[in-house]
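Hi,

Here is the structure I promised to pass on.

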There are 4 protein chains.
Amino acid sequence: MSESRKGVARLVVKCQDKPGIVAAVSGFLHSRGANIIHSDQHSSDAEGGMFFMRNEFYLPGMDMDGLEAFKQEFSREVAERFGMRCWSMNPAWVRKKMAILVSRYDHALMELLWRWARDEIYADITMVVSNHPDLREPVETFVPFHHVPVGRSPEEKAEAEARILDMLEGQADVVVLARYMQILSPKFVQRYPMKVINIHHSFLPAFVGADPYRRAAERGVKLIGATAHYVTEELDQGPIIEQDVIRVKHSHSIDDLKSSGADVERHVLARAVRWHVEDRVIVDGNKTVVFQR
Amino acid sequence: MSESRKGVARLVVKCQDKPGIVAAVSGFLHSRGANIIHSDQHSSDAEGGMFFMRNEFYLPGMDMDGLEAFKQEFSREVAERFGMRCWSMNPAWVRKKMAILVSRYDHALMELLWRWARDEIYADITMVVSNHPDLREPVETFVPFHHVPVGRSPEEKAEAEARILDMLEGQADVVVLARYMQILSPKFVQRYPMKVINIHHSFLPAFVGADPYRRAAERGVKLIGATAHYVTEELDQGPIIEQDVIRVKHSHSIDDLKSSGADVERHVLARAVRWHVEDRVIVDGNKTVVFQR
Amino acid sequence: MSESRKGVARLVVKCQDKPGIVAAVSGFLHSRGANIIHSDQHSSDAEGGMFFMRNEFYLPGMDMDGLEAFKQEFSREVAERFGMRCWSMNPAWVRKKMAILVSRYDHALMELLWRWARDEIYADITMVVSNHPDLREPVETFVPFHHVPVGRSPEEKAEAEARILDMLEGQADVVVLARYMQILSPKFVQRYPMKVINIHHSFLPAFVGADPYRRAAERGVKLIGATAHYVTEELDQGPIIEQDVIRVKHSHSIDDLKSSGADVERHVLARAVRWHVEDRVIVDGNKTVVFQR
Amino acid sequence: MSESRKGVARLVVKCQDKPGIVAAVSGFLHSRGANIIHSDQHSSDAEGGMFFMRNEFYLPGMDMDGLEAFKQEFSREVAERFGMRCWSMNPAWVRKKMAILVSRYDHALMELLWRWARDEIYADITMVVSNHPDLREPVETFVPFHHVPVGRSPEEKAEAEARILDMLEGQADVVVLARYMQILSPKFVQRYPMKVINIHHSFLPAFVGADPYRRAAERGVKLIGATAHYVTEELDQGPIIEQDVIRVKHSHSIDDLKSSGADVERHVLARAVRWHVEDRVIVDGNKTVVFQR
């Protein structure tokens with residue numbers, strides 16, 4: 001698979017909507033001999049709206065140096081002209097580094113590892129970090145596992161987080177919380193802005209916070225859900241990447257809800273992570289634009 | 001259809017779970033020559049749990065008098081023995097009287113009328129009441145329409161509600177709020193306990209209250225939902241009967257959300273109403289047991 | 001709604017994939033002062049693949065004459081250069097003329113009329129034609145109804161079809177078969193190539209032909225479906241536009257299957273018709289490219 | 001989990017429908033001090049219909065000897081009286097022995113192993129047999145793996161099958177084909193009647209036989225499906241246990257279809273296997289009655 005990604009890059013643009021952007025971008029790519037494989041666009045329809053674009057293009061023979069030069073040309077000839085401040089051009093053949101944080105539940109983690117092993121998630125999983133030692137064995141057949149216990153006092157929590165931040169340094173373009181039962185500090189979140197993906201086990205904004213399945217059972221809902229979102233400083237309030245639900249009924253116990261919910265969680269998280277590493281998610285305020293396959 | 005309902009009744013039981021209930025109920029029915037067509041049971045698994053049962057049975061030749069006698073026998077021989085305080089035995093061949101309250105949106109209303117005209121909702125729709133005159137014409141091709149304007153002051157609101165309560169008297173075994181944009185008073189709710197069904201245009205408990213689609217758009221959710229629930233004195237907090245969702249995406253405007261949402265609303269409400277009139281919904285605290293077909 | 005469509009047109013292109021098409025099309029539109037509202041593209045990835053594009057653009061002040069002139073410019077400056085033989089530029093403010101053929105079932109028909117009345121299907125429904133008189137009354141509250149009886153002999157069938165073709169002449173840009181229980185002749189199909197949309201009450205290619213619900217029940221399937229497709233000369237073999245399914249179970253009778261199926265049918269057909277009139281469906285051999293909202 | 005299953009058994013009945021069966025069965029259970037935990041019933045509504053019932057009951061202190069005695073009592077006092085020829089009473093605390101046959105694809109297999117490891121599939125997986133050696137390593141971390149190569153000639157195929165039948169002897173109450181790319185002989189099928197579960201990678205009866213994804217792509221379907229069914233002597237014609245679908249679109253390649261399809265396959269098979277080992281599936285001619293949780 002990495003072979004066919006050689007020479008392929010993804011140009012992702014977010015900027016003020018102006019006439020002529022598509023013509024300028026596609027004209028630039030064509031003039032340089034780049035072939036557009038996929039192209040997606042979206043204009044938010046509000047007044048003074050935003051424009052979002054993702055182009056997957058192929059430039060024969062392009063390597064990292066070539067990409068760097070291409071970026072500079074694009075910057076000069078297109079980005080500056082349209083005042084684009086928020087754009088990226090990423091090589092499709094380079095795997096993003098991914099670290100996974102987890103506690104004791106293994107379902108979301110194993111789904112990620114399983115899809116990664118099948119090359120459905122194109123990334124380098126550099127490590128799995130857990131505050132519990134339980135999952136060492138199944139994880140280590142795939143990737144390195146680190147146990148970082150987290151104490152109960154604020155000092156101990158801060159210390160553990162600092163250890164984790166050290167471990168992640170240079171090893172994580174994206175951090176995935178695959179049911180990590182600790183709240184990250186603002187410091188951590190600021191270090192990885194829109195790069196920490198969490199799976200919340202409810203259909204947000206319903207059941208923000210702890211113990212959503214118990215609360216869902218108490219409220220008597222007929223569907224339970226899961227939400228993958230970027231982590232921001234406000235708990236469970238970050239931009240939503242993906243959500244899904246599953247039907248439940250009166251005969252289901254809380255354990256049944258957890259079991260059904262686990263299936264939704266793992267799929268929702270896997271889709272969100274896949275889309276993130278393929279540069280398909282653009283944050284728009286507290287929302288996301290997702291250019292699905 | 002009403003022909004084949006002759007002699008059919010539905011015995012619905014909710015009581016403390018005790019050994020031998022099923023044997024007693026089915027033994028009673030068999031001993032009287034009644035044939036069980038459908039039977040559903042549920043035990044809530046908590047300590048000192050509740051037992052729920054719905055039996056659809058056929059007793060050849062049973063008419064209203066026969067049913068009345070049968071109820072008294074059941075009461076003496078089974079219900080009293082097991083201390084059942086909450087049970088009913090309804091004739092399947094008698095249509096429940098249904099009143100529909102609506103404002104200006106017609107989608108949920110028309111779905112109900114359409115399914116009712118196809119005999120999928122087995123009820124007598126005695127009237128449609130609206131605080132706006134707009135829907136008179138399409139409604140009157142089906143059933144009587146009453147326009148009851150609702151003023152803005154508390155006094156005017158109370159007066160309008162009193163008029164509606166008068167109209168409903170003796171004409172409503174169930175009241176359906178098919179997007180009625182007025183909040184009912186505790187007095188109204190107490191008059192029709194667990195007999196008022198509302199459709200809320202969100203996946204409750206997300207977006208309780210007003211304007212859920214705008215808030216859903218602002219929160220950037222990836223699914224929007226609808227919830228049919230019994231109305232209690234606390235706004236949007238009553239027992240949920242049915243819920244469903246539909247997928248939305250970044251390219252959808254608030255109008256698109258409303259349009260997609262309208263489709264979910266009308267189906268969720270139609271299912272809830274159908275289940276209610278077929279005695280398939282049993283309220284259990286703030287939850288429901290729904291014995292679907 | 002028609003107001004905001006003024007000046008908006010849809011450019012739909014299907015051609016051999018070549019480098020530079022996107023740049024040429026978007027460059028042309030931009031150079032003429034047209035603003036792209038939505039743009040979708042697809043390249044079939046086979047060797048010598050095809051390219052598909054739909055642009056919804058706004059050109060201030062454009063009327064029918066302006067559009068005609070714009071088409072000629074596009075033809076000269078872009079279409080000829082890229083050898084495009086299959087493209088169209090349709091005014092968004094002009095409603096397509098739609099005729100609906102139906103037999104006795106009303107569910108798919110009423111769904112279309114209902115959505116049309118809400119302006120969700122932007123078309124002129126010029127007539128409903130049926131081989132039975134039953135639906136005259138509900139239809140005539142919306143649009144003209146014609147009863148064209150169809151005899152059993154080949155001659156009578158041909159005669160009835162000829163009558164219908166006469167009626168449709170000049171009155172139908174698209175013909176929708178909303179459960180029309182007659183097989184159209186090749187002559188009819190050739191007169192409206194890729195302009196006749198049928199709803200088949202199964203998940204094609206399962207249960208091609210007659211009586212799919214009975215056969216689905218006999219096979220014991222756990223889902224039943226519906227398929228909207230363009231009609232070609234081969235029965236139930238034309239390009240599929242949309243499909244969906246609904247879950248059924250052992251307790252459902254054939255009548256339950258028909259009732260559940262009716263819900264799937266009406267939604268699948270409504271989506272297909274809506275996409276067709278919005279120029280969102282491009283036929284690609286025996287498949288379709290559908291650019292959904 | 002096995003602890004809470006002690007003393008629990010499942011009485012499954014299929015017989016001619018007659019008045020009084022429910023009363024007799026529930027009366028018998030109650031008279032012996034058994035407590036009904038779950039009860040499901042179904043009557044096929046045809047004339048001279050069949051009756052299906054599943055009771056999960058708890059008899060304090062019941063062990064294998066007690067269950068055996070209980071079965072004999074039930075046989076004498078109920079089954080004979082109603083002429084039941086097809087009934088079973090299985091201990092919930094005993095795991096069924098399960099063998100899995102697989103070729104090279106691992107997705108359906110790994111899903112089963114993963115759910116089994118979480119105790120969601122309550123069985124003893126005694127072995128995985130494959131005609132390829134590829135999956136030895138991941139499988140052996142869970143259960144024994146046997147490589148049984150299958151030649152191309154009829155003799156070699158028969159020989160391989162004979163080897164597998166030998167291995168399975170006494171080790172398999174159920175055989176799961178988790179994408180096993182060999183057709184089993186009538187001899188094999190007769191040895192395990194309604195005990196071999198296959199996952200077919202299409203929505204049967206669409207695309208019976210080989211290479212369904214390619215054929216689905218060629219037909220341009222908008223949904224692809226998977227079907228779990230019991231294996232009978234006729235290829236892909238056995239009773240369907242479970243089906244599901246996933247939406248696909250024009251931009252998906254055959255590889256995308258396979259990848260999406262793999263997700264449907266693994267879930268459909270896992271549900272079917274789980275229901276089978278929990279005695280929730282009753283075969284009714286070429287259909288199934290499934291009493292879901």
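Below is what turned up at the chain contacts, with the conventions first.

This is a predicted model, in which local features need pLDDT of at least 70 and side-chain atom pairs count only at pLDDT 80 or more, while totals for chains, interfaces and linings use all residues. Residues are numbered from 1 along each chain as its sequence is written, chains are lettered from A and ligands numbered from 1 in the order in which they are written, and side-chain values use heavy atoms, with hydrogens and water left out.

Let me start with chains C and D. Each side brings 34 residues to the contact (heavy atoms within 4.5 Å). Together the two chains bury about 2,800 Å², 55% of it on carbon and sulfur atoms (accessible area, 1.4 Å probe, lost on being put together and summed over both parts). Arg219(D), Lys222(D) and His250(D) supply 26% of the area that chain D buries there, more than any other three residues.

Four salt bridges cross this interface (a side-chain nitrogen of Lys or Arg within 4 Å of a carboxyl oxygen of Asp or Glu). In one salt bridge, Arg247(C) meets Asp244(D) at 3.6 Å, N to O.

Best wishes
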